[in-house]
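Let's take a walk through this model together, one stop at a time. Have the viewer open and follow along as we go.

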Amino acid sequence: MRIEQDLKLGYKDVLFRPKRSNLKSRSQVDLTRTFIFKHSKRQWSGVPVIAANMDSVGSFNMAKALAEHDCMTAIHKHNTVDDWITFVAKSEAKTLNNVMVSTGTSEADFKKTQRVMALSDELIFICVDIANGYSEHLVKYVGKVREAFSDKVIIAGNVVTGDMVEELILAGADIVKVGIGPGSVCTTRVKTGVGYPQLSAIIECADAAHGLSGRIIGDGGCSCAGDVAKAFGGGADFVMLGGMLAGHEESGGELVEKDGKTFMKFYGMSSKSAMEKHSGGIAKYRAAEGKTVLLPFRGSVHNTMSGILGGVRSTCTYVGAAKLKELTKRTTFIRVQEQENNLYSK
């Protein structure tokens, strides 16, 4: 047993220190990033915000909506091949270029991924997604996927430390998904005692990935536009959002009427709700590691996305970053013990 005593920080522990800027307006800020990925050599340009691959967030309708903002959607892995056939047939190349095909690590998952990726050359992202990215099985599976899809962009996760980021990149991942336990409906930290404060995880994992020409996704923990900006400021190349994009008409969640109001069900993908829906219940050898909540129905996601992207643009103006790419170079975080005045909160 050992204890690491280095300070680790979450989004609530810091604020940006403002800096002199020559930007006159948020409209001058360019949020587009262009990446050429390490293994696939693919080039992608867009706004690097991603809807999470949860079945009440990462839907086909969400993909169409976010593509209008040049953002991405990780489609949840429980869609069938027939679902994908219908989606591909009805979608433009721009939408398909901005979706991730999510998969587990079983042989059945591999065969399904082969069938889905064969539907269109415009599908370029494969997201190999398991809760515990420290499994040696994941590393081997990433190598298998890289061998089969040499020209596709492979995402793998989730992990929170630089050593595992490096191992996954060397195994064939172009992008590593970073985050264990920070999500709004995740209870992994409570059920297992395992986790890592998200901002420190991003800072450390970005450093490891960029040293190998890899990229990372900061996955989870954002509750407001300022947190999204902090993730980018900490070095995340992409930021993945779950709860912030849940509860919308494009999210794909189940609508529930209660006390004359409309709500949408939202739950973690390791929750009892998810396992009952997709696996026939909770296996005897494990515990549920997610919450199920009812969110007030929020209508279209477009207003929410405009607010998120507008907030990040505003951050950039405060620190003098004309482009999102420059934000981390212009970032100085200050440690704080308060974020906002909550006098008139609920």
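A residue is called buried when its relative accessible area is under 20%, exposed when it is over 50%, and partly exposed in between, using a 1.4 Å probe and protein chains only. Before we apply that, please keep in mind that this is a predicted model, in which local features need pLDDT of at least 70 and side-chain atom pairs count only at pLDDT 80 or more, while totals for chains, interfaces and linings use all residues. Residues are numbered from 1 along each chain as its sequence is written, and side-chain values use heavy atoms, with hydrogens and water left out.

Our first stop is His 76. Is His 76 buried or exposed? His 76 counts as buried because its relative accessibility is 10%. You will find His 76 in the loop between β5 (72–75) and α2 (81–90); helices (H or I, at least four residues) and strands (E, at least two) are DSSP runs, numbered from the N terminus. Which residues surround it? Leaving aside residues up to four places away in sequence, His 76 touches Asn 53, Met 54, Asp 55, Gly 58 and Ser 102, where a contact means heavy atoms within 4.5 Å. For a sense of scale, Val 319 is 243 residues away from His 76 in sequence, and their C-alpha atoms are 36 Å apart in space.

Now let's turn to charged pairs. Side chains of opposite charge can pair when their charged atoms come close. Here a salt bridge is a side-chain nitrogen of Lys or Arg within 4 Å of a carboxyl oxygen of Asp or Glu. How many salt bridges does a search of the whole structure find? The search finds 10.

One of them joins the side chains of Asp 151 and Arg 42, at 3.5 Å from N to O. This pair links distant parts of the chain, 109 residues apart: Asp 151 is in the loop between α5 (136–148) and β8 (153–159), and Arg 42 is in the loop between β2 (33–36) and β3 (43–46). Asp 151 is partly exposed because its relative accessible area is 37%, and Arg 42 is partly exposed as well, at 23%.

Next, look at Lys 177, whose side chain meets that of Asp 129 in a salt bridge of 2.8 Å, N to O. Lys 177 lies in strand β9 (residues 175–178) and Asp 129 in strand β7 (residues 125–129), so the pair ties together parts that are 48 residues apart in sequence. Lys 177 is buried, at 1% relative accessibility, and Asp 129 is buried too, with a relative accessible area of 17%.

Lys 177 also forms a salt bridge with Asp 219, with the closest N and O atoms 2.9 Å apart. Asp 219 sits in strand β10 (residues 215–219), 42 residues from Lys 177 in strand β9, and the pair links distant parts of the chain. Asp 219 is buried, like Lys 177. Taken together, Asp 129, Lys 177 and Asp 219 are linked in a network of salt bridges.

Our last stop comes from a record. An unreviewed UniProt entry lists Gly 181 and Gly 183 for "binding site"; its positions are given in the numbering used here, feature names are shortened, and annotations may be inferred rather than shown by experiment. Gly 181 lies in the loop between β9 and α7 (188–192), and Gly 183 is found in the loop between β9 and α7. Gly 181 counts as buried because its relative accessibility is 13%, whereas Gly 183 counts as partly exposed at 25%. Setting aside residues up to four places away in sequence, Gly 181 touches Cys 186, Thr 188 and Arg 189.
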